[in-house]
Protein chains: 2
Amino acid sequence: MKFAKIPMATIVRLSIYMRTLQELLEEDVEVISSERLAKQCGVNPAQIRKDLAYFGEFGVRGVGYRINDLVNQIKDILGLNRPWNLAMVGLGNLGSALIRHGNFIKHGYVFTAAFDADVQKVGKRLPNGLIINHVNELEDVVKEREVHVGIIATPANDAQSVANQLVLAGINGILNFAPIQIQVPDCCHVENVDFTIKLDSIAYHLSFGS
Amino acid sequence: MKFAKIPMATIVRLSIYMRTLQELLEEDVEVISSERLAKQCGVNPAQIRKDLAYFGEFGVRGVGYRINDLVNQIKDILGLNRPWNLAMVGLGNLGSALIRHGNFIKHGYVFTAAFDADVQKVGKRLPNGLIINHVNELEDVVKEREVHVGIIATPANDAQSVANQLVLAGINGILNFAPIQIQVPDCCHVENVDFTIKLDSIAYHLSFGS
DNA sequence: GGGGAGATGTGAATAATATCACATACTTAG
DNA sequence: CTAAGTATGTGATATTATTCACATCTCCCC
């Protein structure tokens, strides 16, 4: 599926295109031009065509893209035509809220494990039926339940240690909500979600104009 | 403070440098070289020096950067040496968790208003003392409490309408957690936080190597 | 079935971003 | 006071990413 060095930015945009296309599908739109899609996503039309061109030809000249097909093709490109199992580590405010959040399941991501260091929480059942395990059991449980991606929602202090354990358990993908830069071996891919950094960008723009 | 066209990526990195530097301060490190900081942040040392060079000279040749000073200078650059008032819109799982999350206050962001469309929730008091207002009151309350940044944590369907109201109320910065691309006038700066997009990137990496 | 309208796919041009490499300046030791 | 050792700041270079512009293909209508 992957033919050349693909810019990371392209991958991110493909996700965004897909989201927008899925929206359009629900409004019964069947075909769209790169120009209209570009406007809706806030990018340049040529950008969309280039991004897709890395992976093949998906449109029809003179017509545009059949949305249903394109969504499926983007899913193939991103590896989303299969289920992905998630483990949540840290069930404080944020972790609990995320695990209840409907967007994961909507996009094919399933929580198959949940961990916390607080023995008070261990054994409790979450709304989705999962029972919280102690972080000590992380390695075993992760392997047993075939977790693919670990989500870190612990305090910053615990994040690195959790990351180490996840790597030990054979995890190669981590989504990190802790506000710290975690260090992992090259085999493991980390994506950070840090909203205070986003707020800093907003503060900068508000302070010094766009 | 702003001298030239500054790359957005530079602004984001400055936030990251600042976070790391603040960590180091707590460990009583006083001075750091661009090389060590770079390693810790996962970037190139020259990158750090270039990023800072947009705004002035902050280091000492042959020595490095005095961390305490540099943190303050980055705060000046980003406009963080002042309080910023936030309004949360949407107090479902995610919104409630965020408003309880300690990281905002730690970095100088204060919630001064909270809104929900559910009349059941209106009037309730949050852990931080705030009382939930109905979204109908958004414009008035936002102006009265001098809100600078609106945070959207509503379902995707409501996000655009909330954004419109925020703009009407004079808000120029929005942090959007709803998984949808919201449209706003140019005067308003939007940052999106969409973790399923991050998960998609991870899925891609796991599927097709790094 | 031929011609016009419209939208893709893509090489070339442009713009933006990151890295290198070294001159410059500061500190310390002798 | 001088020389050695370091680490910054920055012009030059390399790399990467975006946009343009147009040839190519499809559809539709006459």
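The largest nonpolar core here has 122 residues, and the ones with the most contacts inside it are A:Met88 and B:Met88. A nonpolar core means a set of buried Ala, Val, Leu, Ile, Met, Phe, Trp, Tyr and Cys residues joined through C-beta atoms within 7 Å. Buried means that 20 or more other C-beta atoms lie within 10 Å of a residue's own, exposed means 12 or fewer, and partly exposed is in between, with C-beta atoms placed from the backbone. This is a predicted model, in which local features need pLDDT of at least 70 and side-chain atom pairs count only at pLDDT 80 or more, while totals for chains, interfaces and linings use all residues. Residues are numbered from 1 along each chain as its sequence is written, and chains are lettered from A and ligands numbered from 1 in the order in which they are written.

Let's stay with A:Met88 for a moment. Leaving aside neighbours within four places in sequence, A:Met88 is in contact with A:Gly95, A:Leu98, A:Ile99, A:Phe111, A:Ala114, A:Ile151 and A:Ala153. Contact here means C-beta atoms, placed from the backbone, within 7 Å.

Now zoom out to chain A. Its secondary structure comes to 9 helices and 8 strands, where helices (H or I, at least four residues) and strands (E, at least two) are DSSP runs numbered from the N terminus. The C-alpha atoms of chain A fill a box of roughly 60 × 45 × 35 Å along the principal axes. Of the 210 residues in chain A, 39% are buried. If you take the contacts in chain A with a separation of 6 or more, 56% of them link residues 24 or more positions apart.

How do the two chains relate?

On to the interface. The contact takes 50 residues from chain B and 50 residues from chain A. On the chain B side, the elements giving two or more residues are α1 (8-26), α2, α5 (93-100), α6 (103-106), β7 (173-176), β8 (189-192) and α9 (195-208). The most come from α9(B), with 14 residues. By class, that side of chain B has 24 nonpolar, 20 polar and 6 charged residues; Ala, Val, Leu, Ile, Met, Phe, Trp, Tyr, Cys and Pro count as nonpolar, Asp, Glu, Lys and Arg as charged, and the others, Gly among them, as polar. Since 100% of the interface residues of chain B are also interface residues in chain A, the copies meet through the same surface.

Just after α9(B), B:Gly209 takes a positive phi of about 70°.

Next, the DNA. The largest share of the surface near DNA strand D, 5 residues, comes from α3(B). For DNA strand C, 29 residues surround it, and A:Glu57, A:Gly59, A:Gly62, B:Asn44 and B:Gly62 are the closest. Here α3(A) gives the largest share, 6 residues. By class, the surface near DNA strand D divides into 13 nonpolar, 8 polar and 7 charged residues, and the one near DNA strand C into 14 nonpolar, 8 polar and 7 charged.

Two loop residues are worth a backbone check. A:Asp28, in the loop between α1 and β1 (31-32) of chain A, has a positive phi near 65° without being a glycine. With 7 C-beta neighbours inside 10 Å, A:Asp28 counts as exposed. B:Glu146, in the loop between α7 (138-144) and β6 (149-152) of chain B, is not a glycine either, yet has a positive phi of about 50°.

Definitions and conventions
Contact = placed C-beta atoms within 7 Å. Near = placed C-beta within 6 Å.
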